[in-house]
Structures are given as structure tokens and as C-alpha cells.
Amino acid sequence: MALTPREREEFLTEAHIGALSVSAGPDRGPLNVPIWYDYTPGGELWLLTGPTSKKMDLIKAAGRFSLMVERVEPTVRYVTAEGPVTRIAESTDELHEAMVRRYLAPENVPGYLKFAESLGPQSVVYMRPEHWLSADLGDTREL
């Protein structure tokens, strides 16, 4: 059963690992990689990546991407959001820390942020969802 707009937006605000998909060009399937993201209902979805990463190169070339998130408990549910990149900016320490706090337990945040220094600078990519696909398939244990 398809989710309502409110249900899909609320689901996207939860801290799931996303699957980013972006065109890899002619004669190639899309690049599809796991990624952390954040979303505010009715607003933009955003993610962090290296400014010279393969993901960034492909996102810039395509000008759009999709993100799929899913869960299997308590019901099988997924949401896919696709749309244009609205802006790309240099990330700040505050944005990076907010993303890390979204996904990690508080005691793991300082260690991860220290590790992340070795990854170099990060860019923040914003996307406004235009197209949605979603469903809740129910409790598969009952099938």
C-alpha cells in the first residue's frame, strides 16, 4: 500500500541508511551507494560527500539523483525520493557533526569526527524531492 505524503516524509526524517543512485553515463547502470542523509518535511534532502569524489562528479554531471530508504521491522516499508540538486556548498563543522549525531550513539561521535578529519573536506549537496515512490508491504511474518 502506498504511503501518504505525510507518512513518506515522516519516514524519510528517520535515520535510515540511504541508497544514493545517480546516472553514471551512457552504457552504464547508475552508481548506487549507501549514504547518510537528512531531510526536513516539505524541504530539502541533504547529504555529505567529498568535493572530488566519484559521487560528486556524477551528481554534478547529472544535476539530480534519487535516494531510497527502507526498513524491514516492524513492517516492510520503503520510500524513494528523486529530484534536482538545488545547491552544493562547502560543509561546516556544525553540519558534519549534526549528521554524525543523527546516526551514531553520543559516545561514538567524538571518535568518528576525529576519524573523519582524515577524509578531508566535505561538501553538502541539497536536493528537493520532486518524484516519490513509497509503500508499506505490511508485516511479512503474517504472510
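A salt bridge here is a side-chain nitrogen of Lys or Arg within 4 Å of a carboxyl oxygen of Asp or Glu, and by this rule the count comes to eight. The model is predicted, so that local features need pLDDT of at least 70 and side-chain atom pairs count only at pLDDT 80 or more, while totals for chains, interfaces and linings use all residues. Residues are numbered from 1 along each chain as its sequence is written, and side-chain values use heavy atoms, with hydrogens and water left out.

**View 1. The salt bridge between R71 and D136.** The closest N and O atoms of R71 and D136 are 3.8 Å apart. R71 belongs to strand β5 (residues 64-71) and D136 to strand β8 (residues 131-138), so the pair links distant parts of the chain, 65 residues apart, where strands (E, at least two residues) and helices (H or I, at least four) are DSSP runs numbered from the N terminus. Both R71 and D136 are buried, a term for under 20% relative accessible area, with exposed meaning over 50% and partly exposed in between (1.4 Å probe, protein chains only).

**View 2. The salt bridge between E44 and R87.** A distance of 2.8 Å separates the closest N and O atoms of E44 and R87. E44 lies in the loop between β3 (38-39) and β4 (45-49), whereas R87 is in strand β6 (residues 76-90), 43 residues apart. E44 counts as buried because its relative accessibility is 17%, and R87 counts as partly exposed because its value is 42%.

**View 3. The salt bridge between R101 and E97 in helix α3.** The side chains of R101 and E97 meet at 2.9 Å, N to O. Because they are four residues apart in helix α3 (residues 93-103), R101 and E97 are separated by about one helical turn.
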